[in-house]
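Hi everyone, thanks for coming. I'll walk you through one protein model today, so please have a look at it before I start.

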Amino acid sequence: MRTITLFALLFTLVHGNSIAQQEKGIIGYNNWLNPWTEFKPNKIDYGKPTQILSGNISKDKTLHKRDIYLLLGDVFVTDSTVLTIEPGTVIIGDYKTKGSLTISKNSAIIADGTHTDPIIFTSSRSVKKPGDWGGVFILGDAPTSKFGNESSLNYGLRPTDFESISYGGDNPDHSSGILRHVRIEFAGKRTKDYGYFNGLTLAGVGQQTIVENIMVSYCDGNSFQFYGGSVILDKLVSYKSSRNDYDFNYGTQCKIINSLAIRSPYVSSSDVPRSMYVSAYDNIEDADLTKAQTYVNAENLTLINLSSDLDYDIQVGLVNEAIYVGNDTSFMIDKSVISGFNPAVVFDNKIMINNENLSKLKFTRTYFNNCNGNIFRKGYTNNDDLESWYGSRAFDNVYSKGPDSETFIDAHTATRPDYRLRINRIIASNDTTDD
């Protein structure tokens, strides 16, 4: 009986430590990146297209795993149509015509892959590079903070009518379908007059839309772009984007949980790319400040910068902040990990440091690791007030220094990395927390 009791106690202690290990950053008793993600997509030959998608899809259509589809130019799903994509289906964006897929506001996509059979959007080139094709746009009927109820995409898309690129409305519960276990690779084409496409753009998308287990890799634009809408995001992965990993704008009301961004200073653009960019507007003249402004609630995120020599990369200007928070926004992050940035967080210089603004900018139970400073205001070199405020015991944050090899289970395996925290790493570093 005593043996059983001791075994039960030992199991409880071990199991308790496992739970503690999972407390911050991406969570899961198993590495949920396996096996549906792919960190070397350029090494895979997906085969040649057998079917072509072009123009408007105006009748319900199913894409089958047995075929490989080519997006030829800008493809639009219109007229309340449902596009269903079977698990394991491969859709290739044409390089010459910079193929893209847009799900219009009153239509829907059912792209419900599985963890062993994900749906794949990728490049048509044999040697794939960021920006080879356009990307995926999903447009919904949820509110934005722009003037009027409707806006339109301005990416140089060529629809047959305005309705195909309009988004926004009055229904935060609107559903645009399902996007689950999907990979989007080498998207983000650049257009002469409209800048860069993004991997996945959600504009006015409502909270009944399911967005889970999505990986965007090697995108030349933002991996994930959000314009307004009310979305719940779970298990998203951005890998080596040239620009922002997650970009929230124009009144997005978002909860993002258990998600990951892996940056490399060696593939970033000449701009200032971040893991998260949170803004209320690009131009204040376009925003209706009487409407709900951008609000992001983040939980269990891991934001990591992979540098072979972090000090040198910071010195030569290759590493930026992980999170940029703009004026007139609300941002909350809890139980997360931010590792290897310069610094971890920057607030816009228009944000006055007072009780009203600090109540909208919450950083709690988060592990700031190996960053060149933690929380700053743009243009200010002295951040002692913010460092002390967010470093107090009331917020339970951790300021620490440690290499990736000691911080994460396995951040350097090329094919199947594991970015969960090592057991007891957080507990061991609590001594460094400022009072």
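**A walk through the model**

Let's begin with F224, which counts as buried at 0% relative accessibility. Buried here means under 20% relative accessible area, exposed means over 50%, and partly exposed is in between, with a 1.4 Å probe and protein chains only.

Before I go on, a word on where this comes from. This is a predicted model, where local features need pLDDT of at least 70 and side-chain atom pairs count only at pLDDT 80 or more, while totals for chains, interfaces and linings use all residues. Residues are numbered from 1 along each chain as its sequence is written, and side-chain values use heavy atoms, with hydrogens and water left out.

Back to F224, then. You'll find F224 in strand 17, residues 224-227. Strands (E, at least two residues) and helices (H or I, at least four) are DSSP runs, numbered from the N terminus. What is F224 in contact with, leaving aside neighbours within four places in sequence? The list includes L200, I214, V216, L236 and Y246. Contact means heavy atoms within 4.5 Å. As for S400, F224 is 176 residues from it in sequence and 29 Å from it in space, C-alpha to C-alpha.

Next stop, S151. This serine sits in strand 10, residues 151-152. Is S151 buried or exposed? S151 is buried, because its relative accessible area is 9%. Not counting residues up to four places away in sequence, S151 touches K146, F162, I165, S166 and Y167.

Most residues other than glycine have a negative phi, and most peptide bonds are trans. N213 isn't a glycine, yet it has a positive phi of about 50°. N213 belongs to strand 16, residues 210-217, and it is buried, with a relative accessible area of 8%. K335 isn't a glycine either, and its phi is positive, about 50°. K335 lies in the loop between strand 24 (330-334) and strand 25.

And the cis bonds? One joins N34 and P35, with omega about -10°. P35 is in the loop between helix 1 (2-21) and strand 1 (51-57). Another cis peptide bond runs from N342 to P343, with omega near -10°. P343 is in the loop between strand 25 (337-339) and strand 26 (345-347).

Okay, let's zoom out. How many helices and strands does the protein chain have? There are six helices and 32 strands. Of the 435 residues, 57% count as buried. Among contacts between residues at least 6 apart in sequence, 70% join residues at least 24 apart. The C-alpha trace spans about 65 × 60 × 45 Å along its principal axes. A compact globule with 435 residues would have a radius of gyration near 22 Å, and this chain agrees because it has 22 Å. That radius is taken over C-alpha atoms, and the globule rule is 2.2 Å times the number of residues to the power 0.38.

Last thing: how far do we trust it? The mean pLDDT is 90, and 91% of residues reach 70 or more. pLDDT is the predictor's confidence in each residue, from 0 to 100. Over residues 1-21, pLDDT stays under 50, and the model has eleven contacts beyond four places in sequence for them. Residues 427-435 stay under 50 too, with 18 such contacts. Where pLDDT is low, the predicted coordinates should not be read in detail.
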